[in-house]
There are 2 protein chains.
Amino acid sequence: MTAARNLIAVEPTSRPEMHLAMASAVEEGGGTIVPISEASGLMFADPMAADSFPDLIAQATNVEWVQLPYAGVETFVQHLDASYTWTCGKGVYAPPVAEWIMTALLAAFRDIPTFARAKSWPAQAGRNLLGARLAILGGGGITESFLSLIKPWDCDTTVVRRQAAHVVGATRTVTTDQLDDVLGRVDAVIIALALTSQTRGIIDARRLQAMRNDAWLLNVGRGGHVVTDDLVNALRNNDIAGAVLDVTDPEPLPDGHPLWTLDNCLITPHVGNTPAMGLPLIADRVRENVARWIANEPLVGPVDVGLGY
Amino acid sequence: MTAARNLIAVEPTSRPEMHLAMASAVEEGGGTIVPISEASGLMFADPMAADSFPDLIAQATNVEWVQLPYAGVETFVQHLDASYTWTCGKGVYAPPVAEWIMTALLAAFRDIPTFARAKSWPAQAGRNLLGARLAILGGGGITESFLSLIKPWDCDTTVVRRQAAHVVGATRTVTTDQLDDVLGRVDAVIIALALTSQTRGIIDARRLQAMRNDAWLLNVGRGGHVVTDDLVNALRNNDIAGAVLDVTDPEPLPDGHPLWTLDNCLITPHVGNTPAMGLPLIADRVRENVARWIANEPLVGPVDVGLGY
């Protein structure tokens, strides 16, 4: 038996805010919420509950499509099954993270950490981001979204990535083998990479030395991209202007860690994209995909089960 | 006697960085630096030395044009003389100030002051500027420049100004009599006004009450636009989310002032446009105007001697 395409389940209910947001989005997209046993599509509503999927899908007799809440589906990969159509949240979470990069760049260039810590009128300081030279490590959705936000600043932007394909909006795109040349020529180095065996520790003592001593390091990738002890040394010696880190190694950074005490370091607690920011974004994806599903149109954010992403 | 138009003086020499930057710009524009007695144009090279102008111009027998370093010419107005052509730096300093507004908005929305002051891993916090509703008080060059920087954020922007003329890039432009209606509907209120008898104290206790309690106040105009004691009360009572102030009343803010102690207040020391940021911008104006002067083309940034601006 085939269920009508407008009949959609939203499960599990373990994360009430996401369940509510997805359920509203289903209805806005023209769907009707039903138990999973009657549904043609399942909106999976808790990114922390991948383990609950097998029991849930066992109750589904008519489900053909599963929408996941994730950007990357690493934690779900063992449940992917080619007898269903899968979609995920790929791309939807990039804008808040790109906004974090803009926030961190401007806070660094305009000396906001110093001013925020001052208890009396400080000396004038700061430089303009307008016209600056920037290197972005990684050529994914976050980088594309960032390049669209920074466009009015007329910056010189170099994207450093594995493949040679040009990233739209960048001044130039180069491959990773040219990273060392790029590092000495820019006012800020922005890490927006996935963590792999090839990118772990990509910023180490040698590469921090290669950076200009008035350049900033930003990390919104993963803590493991930077060798923390090497960064502490570089910051202590003023080998670089400073660092803004949304991710750290270890994370969370323990009390008493030297990075908490350095004036030229700003730590933010993994807030590139918070759950509160992401909820309306994944809801938008659900709304659009439900409307497309009902109209029998191609879905946005498909997962390739064979490739696992 | 009329001097050749390429003969230009740069005086006084009391501010060496500005003298050097303007002298280079004169040469880049096709001019030749000569003593003031031989010059057809004078580049006035010290914004703090208006008093030296009468003695300087007394040595000029052929000067027809004076380029001033100011955006506003209030401190120079008693020296304006209709027998010369006058130009100033109006418009050139807007981009750094617009960049300050973006910095302050992002720092506020993404909770950077809290993170900068933390000495252990803080709770996740922050909201997106993307899609926010903003009110900008003032419709001048700073506002125009700001609207071009924030364009990719898809914000809803209401410019509140004296005249009804629409500001390019704003979602809507309204007149000052509608200010009270606007205040309750926006996530941030940005003061980018000139200080006049009509705008002094424009943000007082009543208008702070009219703002949403999750809205931020930014001031990059003059300290006198905000009634400081009323702001302290509003911040203490969490009537608004917080304030970011580049200008204060009194300024500099004295040690021990309550604003230094409030977690929801960030003070920056009048750095919307610093001398270091402004120097290349006024140099660009000088270069362009020297080239235009030599080619007998209309100059940029003319001052109307009768109106005094």
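Q: Where does N296(A) lie?
A: N296(A) sits in the segment that follows helix 9 of chain A. Keep in mind that this is a predicted model.

Q: What is the phi of N296(A)?
A: Phi is positive there, about 60°, although N296(A) is not a glycine. As background, most residues other than glycine have a negative phi.

Q: And is N296(A) buried or exposed?
A: N296(A) counts as exposed, because it has 7 C-beta neighbours inside 10 Å, and a residue with 12 or fewer falls in that class.

Q: Why does N238(B) count as exposed?
A: Because 11 other C-beta atoms lie within 10 Å of N238(B), and the limit for an exposed residue is 12 or fewer.

Q: OK, back up a bit. What does chain A consist of, in helices and strands?
A: Chain A has 9 helices and 12 strands. Its C-alpha trace spans about 70 × 45 × 35 Å along the principal axes.

Q: How many residues are in chain A, and what percentage is buried?
A: There are 309 residues in chain A, and 46% of them are buried.

Q: What share of the contacts in chain A comes from residues 24 or more positions apart?
A: Counting contacts with a separation of 6 or more, such residues account for 63% in chain A.

Q: Which domains does the assignment give for chain A?
A: Domain 1 is made of residues 7-92 + 275-294, and domain 2 covers 94-267. The centres of domain 1 and domain 2 of chain A, taken over C-alpha atoms, are separated by 35 Å.

Q: Helices next. At what angle do helix 1 and helix 9 of chain A cross?
A: Their axes cross at roughly 30° and come within 8 Å; helix 1 is residues 16-28 and helix 9 is residues 275-294 of chain A. The crossing of these two helices is right-handed.

Q: Which residues make that contact?
A: From helix 1 of chain A come E17(A), M18(A), A21(A), M22(A), S24(A), A25(A), V26(A) and E28(A). Helix 9 of chain A contributes L279(A), A283(A), V286(A), R287(A) and V290(A).

Q: How do the residues of that contact divide into nonpolar, polar and charged?
A: The contact of helix 1 with helix 9 of chain A has 9 nonpolar, 1 polar and 3 charged residues.

Q: What about E17(B), where is its place?
A: E17(B) belongs to helix 1 (residues 16-28) of chain B.

Q: Is E17(B) buried or exposed?
A: E17(B) counts as exposed, with 11 C-beta neighbours inside 10 Å.

Q: New topic: how many residues does the contact take from chain A and from chain B?
A: Chain B gives 40 residues and chain A gives 40 residues.

Q: On the chain B side, which elements each supply at least two residues?
A: In chain B these are helix 3 (94-109), helix 4 (112-117), helix 5 (141-150) and strand 12 (265-267). Helix 3 of chain B provides the largest share, 8 residues. The side of chain B that touches chain A divides into 26 nonpolar, 8 polar and 6 charged residues.

Q: What is the strand order in the open sheet of chain B?
A: The order is 8-7-6-9-10-11-12, with 7 strands and parallel pairing.

Q: Which strands stand at the edges?
A: Strand 8 (172-175) and strand 12 of chain B do; each has a single partner strand, so one side of each has no neighbour in the sheet. From one strand to the next, the twist averages 15°.

Q: How many bridges are there between strand 9 and strand 10 of chain B?
A: Strand 9 (residues 188-191) and strand 10 (residues 216-219) of chain B pair over 4 bridges, in the parallel sense. I191(B) stands opposite N219(B) of strand 10 of chain B.

Q: Last one. Where is the cis peptide bond that involves P252(A)?
A: That bond joins E251(A) and P252(A), with omega about -5°. P252(A) is in the loop between strand 11 (242-245) and strand 12 (265-267) of chain A.

Q: And which residue is joined to P252(B) by a cis peptide bond?
A: E251(B), and omega is about -5°. P252(B) is in the loop between strand 11 (242-245) and strand 12 of chain B.

Conventions:
Residues numbered from 1 in each chain as written. Chains lettered and ligands numbered in written order. Predicted model: local features only at pLDDT ≥ 70, side-chain atom pairs only at ≥ 80, totals over all residues. Axes fitted to C-alpha atoms, helices over the stretch in contact; angles between N-to-C directions. Left-handed = near helix turned anticlockwise from the far one by under 90°. Contact = placed C-beta atoms within 7 Å. Nonpolar A, V, L, I, M, F, W, Y, C, P; charged D, E, K, R; others polar. Pairing = 2+ DSSP bridges. Buried ≥ 20, exposed ≤ 12 C-beta atoms within 10 Å, placed from the backbone. Domains from an automatic or database assignment.
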